[in-house]
Amino acid sequence: MGFPEHRLRRLRGSAPLRRLVRQTRLSVDQLIAPLFVRPGHGIRQEIGAMPGQFQLSCDTLVDEVKSIRDLGIPAVILFGIPPEKDARGSGAYHPNGIVQQALAALREQVDGIELIADLCLCEYTSHGHCGVVTGCDERSFHVENDPTLEILAEAAASLARAGASVIAPSGMMDGAVREIRTALDEAGHERVPILAYAAKYASGFYGPFREAAESPPQFGDRATYQMDPANAREALVEMELDLEEGADVLMVKPALAYLDVLRAARERFDVPLAAYNVSGEYSMVKAAARNGWIDEQRVALEILTSIARAGADMILTYWAKDAARWLRG
Ligand code: PBG
């Protein structure tokens with residue numbers, strides 16, 4: 001005996017009925033908009049590989065964050081493009097660093113939205129790696145773990161002092177969350193949560209971001225610190241450790257090719273989960289849509305819904321503003 005005829009189709013018969021039985025409800029409350037800030041004034045420079053995304057200066061950033069807030073989006077995450085880079089990535093912790101300046105301007109001029117600071121060194125180091133490098137060429141270089149932690153701790157305190165309301169370490173150094181938690185607490189920022197990029201893969205999907213943040217590694221790749229795309233169980237170990245070290249929210253990144261990891265994390269952990277719908281996931285759709293091959297709105301909402309369905313509570317996405325408008329109808 002099969003199903004009686006119409007058994008499954010009965011509840012798909014009309015749009016209102018489909019709304020009643022919908023099992024995943026994507027909401028503006030889940031969205032976080034990534035933004036890129038650079039020195040200067042009046043800058044709104046479109047990123048070639050990411051149509052619709054811009055490098056902004058502090059003044060244009062303030063306007064952008066206001067419009068994001070007015071769309072009902074609860075948070076932005078900031079990435080900085082510093083005026084100068086050096087071997088230690090000192091721009092990440094400089095009291096007058098680019099993100100510190102941006103945070104100060106936003107604190108003064110915008111309220112009602114969370115300001116998450118991405119915390120990594122790759123945008124600030126001359127070599128483009130996410131930590132302190134020893135050795136100087138492709139064959140001999142090594143990204144040193146513990147010396148990097150000291151810099152991250154200093155940068156975390158500096159970002160919190162400048163006004164970051166959440167710190168998001170993304171460098172994949174072992175033990176970073178503990179060091180950052182300690183540094184924040186010692187500096188009096190006990191109330192600032194840590195959103196840990198816990199399971200961050202060494203992914204080709206970051207390609208367009210490296211143009212946006214001007215952060216490609218000058219030699220070698222990130223495979224000795226970011227995760228191997230083939231590993232899912234290891235992601236749960238990463239997440240378990242980050243939780244023990246004091247992470248408040250755990251992130252999986254990228255999102256789309258790692259929905260199984262997100263689902264496994266959802267089943268294992270009861271803390272909030274974030275997923276990063278990364279630059280390559282965005283730009284692929286943009287490029288195909290520009291060619292008239294797919295419908296951007298339909299595909300973007302399908303992607304975001306899938307990420308929520310897999311278990312993400314919050315989604316970092318370059319579609320945040322568009323999605324907020326689309327969801328409002
Ligand atoms: C840097 C960082 C990257 C992204 C976010 N933070 C790039 C990288 O690790 O190379 C990628 C985000 C995206 O592709 O949208 N630590």
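**Cavities, a pocket and a patch**

Tutor: Gladly! The largest cavity holds about 150 Å³ of space. Closest to its centre, among the 18 lining residues, are Cys122, Lys200, Tyr206, Phe209 and Lys253. This is a predicted model, where local features need pLDDT of at least 70 and side-chain atom pairs count only at pLDDT 80 or more, while totals for chains, interfaces and linings use all residues. Residues are numbered from 1 along each chain as its sequence is written, and side-chain values use heavy atoms, with hydrogens and water left out.

Student: What makes a space a cavity and not a pocket?

Tutor: On a 1 Å grid over the protein atoms alone, a cavity is a set of points where a 1.4 Å probe fits but cannot get out, whereas a pocket is an open set with protein on both sides within 12 Å along at least five of seven lines; a residue lines either one if it has an atom within 4 Å of a point. The volume is the space filled by probe spheres set on the points, which are joined across faces, edges and corners.

Student: Which spaces count as pockets, and what is the volume of the largest pocket?

Tutor: The open ones do, by the definition above. The largest pocket has a volume of about 420 Å³. Helix H10 (296-310) and H1 each supply at least two lining residues, with H10 giving the most, 3 residues.

Student: Why is Leu20 called exposed?

Tutor: Leu20, found in helix H1 (residues 15-21), has a relative accessible area of 67%. Exposed means over 50%, buried under 20% and partly exposed in between (1.4 Å probe, protein chains only), so Leu20 is exposed.

Student: What makes the nonpolar surface patch?

Tutor: Leu11, Leu20 and Val21 make it, at about 300 Å². Patch residues have over 30% relative accessible area and no salt bridge, with nonpolar side chains (Val, Leu, Ile, Met, Phe, Trp, Tyr) joined within 5 Å and like charges within 9 Å. A salt bridge is a side-chain nitrogen of Lys or Arg within 4 Å of a carboxyl oxygen of Asp or Glu.

Terms used
Areas by Shrake-Rupley, 256 points an atom, 1.4 Å probe, with all protein chains shown as cover. Helix = DSSP H or I, 4+ residues; strand = E, 2+ residues; numbered from the N terminus.
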